[in-house]
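Here are a few friendly notes to read alongside the model. Please keep the viewer open as you go through the points.

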Amino acid sequence: MNSTTRKKPFSSKKKKEQLKLKREKNRAQGDKWADSDDESATNNKNIPHNCRRRLNEQPVQESATYNPNRYRLHFQREPRDEIDRRKKIAQLPLEKLSEESLEIPIEQIYRPGSVLDMPVRPAWTYSMTKEQLEKQEQTYFNSYLDKIFANYEANSLSYFEMNLETWRQLWRTIEICDIILMIVDVRFAVLHFSPALYDNVTRVNNKPLIIILNKIDLVPPSLVIAVKDYFSKKFPQLHILTYTSYPKDLSTTREDFDNYQVMARIVRRKNYYAIGPLALFECISSIVGSRIDLSSWKQHIQQCMNDEMIDNQLKHENIDVSPLTNINKTANHITLGFTGYPNVGKSSILNSIVGHKVVSVSRTPGHTKHFQTIHLTPTVRLCDCPGLVFPSFVERPLQILAGIYPIAQVQEPYTPVGYLAQWLPMIKLLKLDKLEQEIPKYSAMDICEAWSIKRGFLTAKACRPDVYRAANHILRLALDGRINLYLRPPGFTADKQRYLSDPRAIELEHQIKLAVDKQKLPDSSVSGGDDSEAFPASDDHQLASRSASTTDYGADDVEDVNRFTHLNRDDDDDDKEQ
């Protein structure tokens, strides 16, 4: 008779120790992949070894042949005392600031000609091996970071990309593309436009650069015209276009822009009419001239849009560009490179140009890991580059509000909420009237606590107000444009009335309304998003839906959703695709 071995008891304490050892083993394995990135950090006193924070890093198995963290976002690691200091600031009473303080010149953000310029790819030849090329690029990039931290304190700089692999994607995109498109969110145009990239493309590589002001439906048309005028004066070689992939109805929100009216969640449609593809085609065809046949692209646009809509848009487009001189004459196609910061809508624009989904999109910065090439027509090729954060002096709370830093990874979200409350009437928008009555001089932490109580965000064990979750929720509302903060170009407030009556602003509003009317047709089926949660409606502040349809949210529906939302649902998943 064979004797069986009795199993030894295994306590919870032993299990915790086992998991701890497993995590340490995985962490050590992940550090092995990153040794080359930190080689200069250990030898340079200006860069501490743990200065980088690898966002959304995944554990790596010992037998893995592929590193899943190769294209992860790498930002500066903030010290614990700095986070604690900002938490104390979030508890201080807020001070309201004037609208003029939102007029930020681009010189305040970037320092062209300094060590903060973008890294450029070192000279290389085809005779170099892969190992030699990678070592040369790694050595150069480490030296680039050394110079930055030798001249500036880490806390005085904004978040910026410290992963060489992501910069390599931009280098490859600039090399293989004939025309570079820089996508910017019109709400934060001066923040998202890098003069270093402008100089590198137009002067070093001698290629045309087109800036696309995206999400124009989230700001007044007068602001869009003011931003175009500002960039055309600052950067004369720049071609400027406007764009929005999902235009919304302005009829109920035009007068509410100054009141920062909260909007309902966006409603996606399978049949959407983007504003901008035709203007982009006209601009590219004017640059290329007759060197490449783009008739197939025009036919593609005609299949996606109505002929009447095309005629109306062509009537009001004034495009004056110079022909492209350095195009490869032997090539029978042209390649367009889509570049820019994370979360500005590069992939969404690419999908709207193609007419259907070809690349995935997400609210999470860094979702696009590697540049992707899509053949639009036999003569037009599109290249989608991952988003890159350039070194600058932008305030970090403003970077978070602009969608540059993943909200789920923000360690201290209260300061950005206070940043919003300095300009926006948050009590009015979130309908927290009781807070103002109880605490006249409220802080950012007070707003988060009141919002957590109103929405039913409570901690699991103690059932206390979950202020961290409430702050994250407010930041996501701002990212989606439902709490609308936007920067102004210098001098906009003084010339506001002139821009309001500008014929270009009136025409832009007409184009958006025309696109929305097309979406209201019965065959415009709704696509995506069973998440219809919105704010409670009131007589003074009605919800302004991003697009009118049969799925618009009524006051009764909104109240029903909010009544059960904290019991059954959690809409805080920022990885959900748009």
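**Notes on the fold and its rings**

1. In the protein chain, 78% of the contacts with a separation of 6 or more come from residues 24 or more positions apart; contact here means heavy atoms within 4.5 Å. Please bear in mind that this is a predicted model, where local features need pLDDT of at least 70, side-chain atom pairs count only at pLDDT 80 or more, and totals for chains, interfaces and linings use all residues. Residues are numbered from 1 along each chain as its sequence is written, and side-chain values use heavy atoms, with hydrogens and water left out.

2. The protein chain has 21 helices and eight strands, taken as DSSP runs numbered from the N terminus (helices: H or I, at least four residues; strands: E, at least two). Of its 578 residues, 54% count as buried (buried is under 20% relative accessible area, exposed over 50%, partly exposed in between, with a 1.4 Å probe and protein chains only). The accessible surface of the protein chain is about 27,700 Å², and 49% of that belongs to carbon and sulfur atoms; the areas come from the Shrake-Rupley method with a 1.4 Å probe, and for residues only the protein chains shown count as cover.

3. The structure holds 16 aromatic pairs (rings of Phe, Tyr and Trp, the last by its six-membered ring, with centres within 6.5 Å; planes under 30 degrees apart are stacked, over 60 edge-to-face, the rest tilted). Trp167 and Phe390 make an edge-to-face pair, because their ring centres are 5.3 Å apart and their planes stand at 85 degrees. This pair links distant parts of the chain, 223 residues apart: Trp167 is in helix 5 (residues 164–176), and Phe390 is in the loop between strand 8 (380–384) and helix 13 (396–401). Trp167 counts as buried at 0% relative accessibility, and Phe390 counts as buried at 3%.

4. Do look at the cluster that ring pairs form from Phe193, Tyr198, Tyr230, Phe231 and Phe235.

5. The charged end of Arg396 sits over the ring of Tyr159, 4.6 Å from its centre, and Arg498 lies over the face of Tyr499, at 4.5 Å from the ring centre. The criterion is NZ of Lys or CZ of Arg within 6 Å of the ring centre and within 35 degrees of the ring normal.

6. How many residues of helix 12 (residues 346–354) are buried? Nine of its nine are, among them Lys346 and Asn351. Gly355 follows helix 12, with a positive phi near 105 degrees.
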